[in-house]
Every structure is written in C-alpha cells, then in structure tokens.
Amino acid sequence: MRPVRIIIFTKAAQPGFTKTRLIPALGKQGAADLAKRMLMHTLNQSLEANVGPVEICATRLLPTDAIWQDFAVSDKLEYSDQGKGNLGERLSRVTRRVIDKGESVLLIGTDCIQLTATHLQQAKDSLCNFDSILIPATDGGYVLFGLNFFHSSLFESVKWSTGTVCAETIDRLRKLGRSVRYFPSMHDIDEPKDLKFLPGTWKEVEYAD
C-alpha cells in the first residue's frame, strides 16, 4: 500500500478572515477563536490517527508567524501554502503533488469536529481496497476525500459551497471507472444554525441561534 498523507486545508484563524459566516453569532474575535479551536482539534485527531505525515496547507501561510506557533506540536507536522487560484485549483494542485510523490492523500478541512482519529484510520485502511473514500457533509459537500490517484476532473468546474459538491464528485468518480467507499454523513460547523452540533464540552461558546 502507498504511504498516506493527511492534508488539512485551512485558513489562519484571524478575526474577520476566517469563519466569517459565524460572525453574526460570535463576532469577529469569537469566530476566529472557534476556528482556532477547531483547527487544533483537527490537528490533534490527525496526529493521534498516526496514519502518516500530517500537513497544514493554509492560505497566507508563513510558518514563522506567531499565529502558527501554537500548532508546532509534533515533528510529523508539515506546512505548505495553498497558493493562488480557486478552491478547485488549490485542491487539485496539492493532490497532484502528493500523488506524484507516491503517497495517497486524505483531504480534510477543519469544519467537522465529528471527524476523529478512528475515522481517519478507517479511511486509510479503506484505501487498501478502494480508489477513493468520501465522508459526505450533511450540507452536500464532503468532510473527507481520500484518493489513491489523481485526476484533474475531480476538482475542475465544481460548484463549490453548494449542496451538489459531493454528488458531483461521486458522478465524476463513476465516469472515471473508479471505486469509492462512503462513510456516514457528518455535520460541518459553518453557520450559526450549525453551532448546535458543537459537543457538550464546547458549550461555553456563546452564540445566538
């Protein structure tokens, strides 16, 4: 089996730059604080999974910036910049880089705190028998996309941030003749109405429904 790399696609947790759809409920600083906590959670679960290298692929990334110092928690952690282009172009570029290195990839964001180390381990194991892995998001996107191969059509002209992203991706995988395993859908935390999905231990977060 190919080595597996986890790519965490994210933004710097800066007020007014990240989790902007939560600002009406949490304010700029509150939304940034929650984004940072979600990133740390995702990072800890990714490292705990111990499936291979973990890479933070971020916008506006300078690893020397103070905002990233809290995340320097493991020798396994690597950093890269997403670079220019729309989301599809950035996802395509990093996926091709990983696959060309002889690794498989698990693409994840930080929006789903239901995603655990166990799910990541299961996804990695599933890549032994499937070309691709998908964990759908309940809003129609995906929480995780795992791949043993690269094809640009999986990322080109996708209607990102809509309810058709996952279905469109599945259709493209089928047209390529590639096998895919699905996991149960999970909730992203994107909008004020999603805050009810925060775990009980996070309920100190103030929000207005």
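Two strands are taken to pair if DSSP finds at least two bridges between them. Helices (H or I, at least four residues) and strands (E, at least two) are DSSP runs numbered from the N terminus. The structure is a predicted model, in which local features need pLDDT of at least 70 and side-chain atom pairs count only at pLDDT 80 or more, whereas totals for chains, interfaces and linings use all residues. Residues are numbered from 1 along each chain as its sequence is written, and side-chain values use heavy atoms, with hydrogens and water left out.

The protein contains four helices and seven strands, arranged along the sequence as β-α-β-β-α-β-α-β-β-α-β. Among contacts (heavy atoms within 4.5 Å) with a separation of 6 or more, 65% join residues 24 or more positions apart.

The seven strands form an open sheet of mixed pairing in the order β3-β2-β1-β4-β6-β5-β7. Because β3 (77-81) and β7 (180-182) stand at the edges with a single partner strand each, one side of each is left without a neighbour in the sheet. From one strand to the next the twist averages 20°. Strands β5 (residues 132-136) and β6 (residues 142-147) are antiparallel and share five bridges; proline 136 has tyrosine 142 of β6 as its bridge partner.

Helix α3 (residues 117-126) packs on the sheet, where it touches β1, β4, β5, β6 and β7, and its direction makes about 145° with that of β4. Helix α1 (residues 23-49) lies across β1 (4-11), β2 (54-59), β3 and β4 (104-108), and runs at about 175° to β1. Axes are lines fitted to C-alpha atoms, for helices over the stretch in contact, and angles run from 0 to 180 degrees between N-to-C directions.

Serine 92 belongs to helix α2 (residues 87-100) and is buried, with a relative accessible area of 14%. With residues up to four places away in sequence not counted, serine 92 touches Phe150, Ser152 and Phe155. In helix α4 (residues 165-175), the buried residues are Val165, Cys166, Glu168, Thr169, Ile170, Arg172 and Leu173, and they pack against β5, β6 and β7. Glycine 177, with a positive phi near 75°, follows α4.

Terms used: Buried < 20%, exposed > 50% of the residue type's maximum accessible area, 1.4 Å probe, protein only.
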